Amino acid sequence: MKLLYNIALHTTEVLLKILGLFNDKIKAGVLGRGDTFKLLASKIKLEDKTLWFHCASLGEYEQGLPIFKKLRADYPNHKIVLSFFSPSGYEIRKNTAVADVVVYLPMDTSSNAKRFVTLLKPELTIFVKYEVWPNYMNALKQYNLRTILISAVFRADQPYFKFYGGIMRDALGSFDHIFVQHEASQSLLNSIGFTKVTVAGDTRYDRVSDQLLQDNTLTFIEQFKADQLCIVVGSSWPEDESLFIEYLNKSQVNLKVIIAPHNIKDPQIAHLKSQLKKKTVLFSEKDGHQLADYELLIIDTIGLLSKIYSYADIAYVGGAMGSTGLHNILEPAVFGAPIIIGKNYTKFPEAFQMIAHGGVQAIENGYDLQLALNTLINNSEKRARLGTLNADFIKTHQGAVIQIMDYIRK
């Protein structure tokens with residue numbers, strides 16, 4: 001199986017180079033991985049003590065950030081290397097203050113893994129959620145380097161739990177400890193003989209709770225909202241936007257709507273704006289406009305959504321109407337907003353829990369969206385009650401960071 005895995009890696013590497021000729025995002029990843037070792041060699045000296053954090057993309061980075069910040073403070077004399085696999089994570093966080101060096105993770109070949117780990121010799125490595133790379137894990141194990149996986153989620157249909165998943169099970173065995181989000185994941189790991197596991201919960205609850213301690217004021221949002229009822233549509237995809245376009249173009253309700261699309265490229269933003277019949281302004285063109293005169297604001301930039309959610313009377317979180325995956329519903333929940341999501345949330349345990357708890361509603365179609373929005377718009381008591389359920393849910397699920405840091409500090 002190891003031979004097949006390595007053949008698949010080399011094949012993937014070739015395919016990515018070919019696909020990169022036609023896709024800028026893939027091309028950025030290919031070029032970035034090509035520069036990794038040169039960048040590390042220029043930043044890491046032989047005598048440096050290091051820590052290594054690895055995340056697949058931006059979501060995993062946000063998940064690990066509470067731990068990363070504490071380790072940055074606890075180990076001020078260590079060089080911290082942060083690696084991403086996805087360009088969407090790297091490009092947005094390549095200048096983060098929690099790391100001294102931010103790089104793309106080279107493909108998980110035996111030679112790359114050995115070279116990377118030999119260069120760093122990290123005293124502690126933290127992988128986040130799904131990231132388990134067999135050759136990197138094997139290299140870390142050969143050097144007897146401390147390695148943990150945090151906020152992990154496992155499902156029975158993953159290779160670890162199949163007859164053909166030997167190489168992946170071996171990779172799990174290289175972790176000193178795995179911190180999982182729930183008991184079901186712990187049971188799955190126990191079923192394959194892995195017992196160095198703790199149910200700590202999801203570090204994202206701690207991450208979003210930290211948002212309450214920050215100044216979330218956005219003057220331009222206050223000017224736009226003008227004390228009216230405000231719906232925030234966060235991380236939307238075309239499948240989400242088509243439902244809202246239909247609803248908003250027919251609605252006679254006096255309200256303010258903020259849409260923060262996942263894809264903010266100019267053609268997509270222009271297409272979205274062209275379909276809306278409401279008076280609409282873009283974030284990029286807000287200066288010089290009386291924002292209070294507009295009904296709809298499109299956020300064509302990144303990095304503001306977590307603060308914008310603080311202004312939401314109702315939040316819709318995108319990704320689950322299609323197949324791209326539900327985005328972070330904890331961000332609006334911490335501010336006490338009732339939340340609407342799409343129907344495809346089966347791989348997101350927090351969505352199941354929060355729907356059962358009562359503060360989140362899942363919709364199937366445009367009719368469901370209309371019904372859910374009209375009910376929340378016209379019933380202030382229900383809005384407040386559902387929002388309180390969400391805020392309370394966040395409070396009761398904090399604490400993962402404390403457990404993980406207690407283990408690390410042993």
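Which side chain meets Asp-157 in a salt bridge? The partner is Arg-155, at 3.2 Å from N to O. Asp-157 is partly exposed at 49% relative accessibility. Arg-155 is partly exposed too, at 27%. The model is a predicted one.

**Overall fold**

The protein chain holds 18 helices and 14 strands. Its radius of gyration is 22 Å, close to the 22 Å from the globule rule for 410 residues, so the chain is as compact as a globular protein of that length. The C-alpha trace spans about 65 × 45 × 40 Å along its principal axes. Buried residues account for 53% of the 410. Of the contacts with a separation of 6 or more, 68% join residues 24 or more positions apart. The accessible surface is about 18800 Å², and carbon and sulfur atoms hold 52% of that.

**Charges and salt bridges**

The chain carries 45 positive and 41 negative charges, with mean positions 5 Å apart. There are 13 salt bridges in the structure. The table gives three of them.

| Pair | Closest N and O atoms |
|---|---|
| Arg-207 and Glu-62 | 2.7 Å |
| Asp-74 and Arg-409 | 2.9 Å |

Arg-207 pairs with Glu-62. Arg-207 sits in helix 9 and Glu-62 in helix 3, so the pair ties together parts 145 residues apart in sequence. Arg-207 is buried at 15% relative accessible area, and Glu-62 is buried at 14%.

Asp-74 pairs with Arg-409. Asp-74 lies in helix 3 and Arg-409 in the segment after helix 18, so this pair links parts 335 residues apart in sequence. Asp-74 is partly exposed at 35%, as is Arg-409 at 48%.

Conventions
Residues numbered from 1 in each chain as written. Predicted model: local features only at pLDDT ≥ 70, side-chain atom pairs only at ≥ 80, totals over all residues. Heavy atoms only, no water. Helix = DSSP H or I, 4+ residues; strand = E, 2+ residues; numbered from the N terminus. Rg over C-alpha atoms; globule rule 2.2 N^0.38 Å. Buried < 20%, exposed > 50% of the residue type's maximum accessible area, 1.4 Å probe, protein only. Contact = heavy atoms within 4.5 Å. Areas by Shrake-Rupley, 256 points an atom, 1.4 Å probe, with all protein chains shown as cover. Lys, Arg positive; Asp, Glu negative; His and termini not counted. Charge placed at Lys NZ, Arg CZ, Asp CG, Glu CD. Salt bridge = Lys/Arg side-chain N within 4 Å of Asp/Glu carboxyl O.
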